[in-house]
Amino acid sequence: MNVSDIERVTVLGAGSMGHGITEAVALAGYHVTMRDIEQDLVEEGYGNIEWSVEKLAEKGFVDQDPAEVMGRIDTEVDLETAVQDADLVIEAAPERMSLKRDIFSDLDEFAPEESILASNTSSLSITEIASATNRPEQVIGMHFFNPPVKMDLVEVIYGEETSDETAQAAYTFAETIEKTPIYVRKDINGFVVNSVLGPFVNEAGWMVSEGVATVEEIDAAMVHRQGYPMGPFELSDLTGIDTGYHMRKEAGKEVPPVVEEKVEAEDFGKKTGKGYYDYEDSEGTTYEAGQGEDVDTLRIEARIVNEAAKLIGNDVATPVAIDKGMRLGTGFPKGPCRRADEMGLDTVLDKLNELREEYGKARYDPADYIVDLVEAGNTGEDAGAGFYEYGDSGDRHYSALNYKLSEDGLLKIELDRPERLNALSQDLSDEIVHLLDNTPKDDVRCVMFEGAGDRAFSAGADITGFASIEPSEVEVAPVFQTVNDFPRPTLAKIDGYCLGGGHELALACDFRIATVGSEFAFPEIDLGLIPGGGGTQRVIRMLTDARAKELVLCGNRIDAETAEDWGLINRAVAPDEFDEVVEEFLDDLVYGAPIALEKAKKVMDKGRDQDLSGGLELESQAFGILLSTDDAKEGTSAFLDNRDPEFEGK
Ligand code: NAD
């Protein structure tokens, strides 16, 4: 089965995951049948989808008629009817092996011979589920995250006999429903995300059990110092201490005493009112910034990296897949492989060896893969290679952006941190600068920036750690200047939030085109800061004094139509015209005369800050230079011949 053959999808289960997966599939335009075992259960699931789709439409995240989306969903109770025409079945029934095997055995009987059978299991063996069928090569894991409509990640897991064709079809299908799939090439317990997440919680548990740090200190250190969205104990309380406990026990792993104690006392976390924190008699988490300054965070991160290295060494997943999985699946500030390359793999290895020596436990045994990298001198970014390559030329791996340079010279840069609404982190900023500095200027005619996902261009700067920055360390990020000074026209394609640092990036571009639902603001003032990437200076030059100060001093949010009206952006357009309008602008820029565009941009930017005579002088110098270019000759002769010019930038 190829992805192009997938037309009808059936989802089994209308619970938390089943209804969410059904919704995501229907939103992407597929016909989908949702099956549960009782009529009232499918109806409840259907009602939940209806509510959610209406909310999405109301908030402008979906520009489809909710009734049309709902019209693509059928509900069913009878299994045979539900799956008889399905090209792809996604099972999201309760997490019990015997039940899953029964379901897959029925599916094998009732679903068309060529259809793909996927399970959304979070922890069961795909191989074992597949063995209940006579078509194990067509059985695959498709592990969505909760809630499926919002969470982008899907782990695509091979069972022992899954064919590449099946895996490719499932992977591409996930892409067509606007998810980001990663391959998990072996059916290992915990797949990628939960395997790598294991030590985050587990090592923190050992540290508390040994008395080297408290729960609050560790959570504070991981969140406020290291930028994780939640501390390990806060996370365990949320997901259920018992859930993690059983997963580790089943995998035959040792559990720290502090976890055993909580499970014995049945303090499972939020759901029971008490866990590591008290949610019953007080407000839950009690850690604060500034606690945990002495916590050895490397001890936790070294184990996370080691787990990632084991997966790579065992051909379960690539560094790119692991980093993507951890960022999208858990909100890790950066992927563990990228993080390790920054810290230095030798530092990670030394830590593991030190822990191994001190505790004599196998959990600290360094993965062969990491040992080999360090022995080969590939210790990370400073060495030019680690998990990734860091050469200056095209082989540099970017973890926070995607880019594509087309043959006609359009450089598209996608800010790729959808899990953080594409906030400008240090990595992302550095990567933009690196990419613009290292792409041969002659190959580029125009640059376009856009945000990954469907919610934001970029919702700001990643402010984790701001509070601890010393004033002397503050450097206005070079990214804004690099974009501003780039000798080719630049355009920000804005769909969604364009706030703070993201707003400043858009303002550093020459053009801004936005969907009508987009929003613009500088919220910095509410943090006790001001825009730090040229925002104050650019808006005061672009807008009237009153409007510029409203944005910066009041932190007011404006919609795209107001932004267009004020002259902050070039166009506010309806979502269905968005691509077309952007293409029209890009066509002018890509096929325009490169030297003339460069000169025009430069004399306008530079001339703005001069008096008229200074500006006119700049213009006339540029004009003189342009007269002697081949492009000017080509432009005039094409005009006389009544044909389109072909500029070569000479
Ligand atoms: P849930 O209990 O909310 O929903 C399961 C639904 O399946 C129920 O409505 C149940 O009636 C129905 N069901 C039972 N037998 C069925 C059958 N034979 N055919 C069709 N439907 C049947 O559970 P959930 O949280 O949606 O989890 C479903 C699966 O997704 C599990 O395998 C779970 O491990 C996995 N998962 C859950 C999460 C999560 O955070 N909840 C995340 C990822 C994966």
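Tutor: Happy to! Let's start at Tyr 403, which is partly exposed with a relative accessible area of 35% (buried is under 20%, exposed over 50%, partly exposed in between; 1.4 Å probe, protein chains only). This is a predicted model, where local features need pLDDT of at least 70, side-chain atom pairs count only at pLDDT 80 or more, and totals for chains, interfaces and linings use all residues. Residues are numbered from 1 along each chain as its sequence is written, and side-chain values use heavy atoms, leaving out hydrogens and water.

Now the strands. E9 (residues 401–405) runs antiparallel to E10 (residues 410–415), joined by five bridges (strands are DSSP runs of at least two residues, helices of at least four; pairing takes at least two bridges). Leu 405 has Leu 411 of E10 as its bridge partner. Four residues separate the two strands of this hairpin, and Gly 409 in the turn has a positive phi of about 95°. On E10 there is also a parallel pairing, with six bridges to E11 (residues 446–451); here Leu 415 partners Gly 451.

Next, the rings. Tyr 369 and Phe 387 are stacked, 6.1 Å centre to centre with 15° between the planes (centres within 6.5 Å; stacked under 30 degrees, edge-to-face over 60, the rest tilted). Tyr 369 lies in helix H17 (residues 368–375) and Phe 387 in the loop between H17 and E9, so this pair ties together parts 18 residues apart in sequence. Tyr 398 is buried, at 9% relative accessible area.

Key. Phe/Tyr/Trp six-rings, centres within 6.5 Å; stacked < 30°, edge-to-face > 60°.
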